[in-house]
Amino acid sequence: MAGTVSYLGEKVGSASALDLAFISFVFAALIGFYHGARICEAEGLRVGDFGSMPADVAPAVGAMSKQDGHALQARRYVSAESSVEMCARGAEIVLRQAREARIDVVIPAFATGLFRKGVAAGAPSLRARSSRCCARVLREGAARENLS
């Protein structure tokens, strides 16, 4: 699906892990799209018009993913782009809209919770960190879960 085949080394599970990582990205994007479609339906907008938007911005999303991949590899969480606090506030607006429109809140509640954890993970001076710090929250959360 991703269009390329790369040699990932001797480790047998590497190709499968990379495939699962990409499928995770696709599933999250699709779930976000379906939630967005429900917003459009609730507001009387054409879902078909909304469906064109992801195709139009796909190159920008790809560039963001590439940039974030390199930053996460280097464990750089500070960015001049939107902060995790700004993302948390945006997710809270989506959550509020879902409640008001009586749309299932599971997707925006998950996003809001993850961004809030990102905000809580840093001191006030670190809240300017980018939304990439959510990857750090997921990494540290998994470490805590594996210890229990």
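How far is the sulfur of cysteine 87 from the closest cysteine sulfur, and in which residue does that sulfur lie? The distance is 7.2 Å, to the sulfur of cysteine 134, which is too far for a bond.

## Basis of the model

This is a predicted model, in which local features need pLDDT of at least 70 and side-chain atom pairs count only at pLDDT 80 or more, while totals for chains, interfaces and linings use all residues. Residues are numbered from 1 along each chain as its sequence is written, and side-chain values use heavy atoms, with hydrogens and water left out.

## Cysteines

A disulfide is a covalent bond between the sulfur atoms of two cysteines. Here the term requires a pair of cysteine sulfur atoms within 2.5 Å, and the structure holds zero disulfides.

Cysteine 87 is buried, at 18% relative accessible area. Buried means under 20% relative accessible area, exposed means over 50%, and partly exposed lies in between (1.4 Å probe, protein chains only). Cysteine 40 is also buried, at 8% relative accessibility.

## Helices α1 and α2

Helix α1 covers residues 14–42 and helix α2 covers residues 47–73. Helices are DSSP runs (H or I, at least four residues) numbered from the N terminus. The axes of α1 and α2 come within 11 Å and cross at roughly 145°; axes are lines fitted to C-alpha atoms, for helices over the stretch in contact, and angles run from 0 to 180 degrees between N-to-C directions.

## Salt bridges

The structure holds four salt bridges, each a side-chain nitrogen of Lys or Arg within 4 Å of a carboxyl oxygen of Asp or Glu. One of them joins glutamate 41 to arginine 38, at 2.8 Å from N to O. These two residues are three apart in helix α1, so about one helical turn separates them. Glutamate 41 is partly exposed at 46%, as is arginine 38 at 35%.

Arginine 116 and glutamate 92 form another salt bridge, at 3.0 Å from N to O. This pair links distant parts of the chain, 24 residues apart, with arginine 116 in helix α4 (residues 106–120) and glutamate 92 in helix α3 (residues 84–101).
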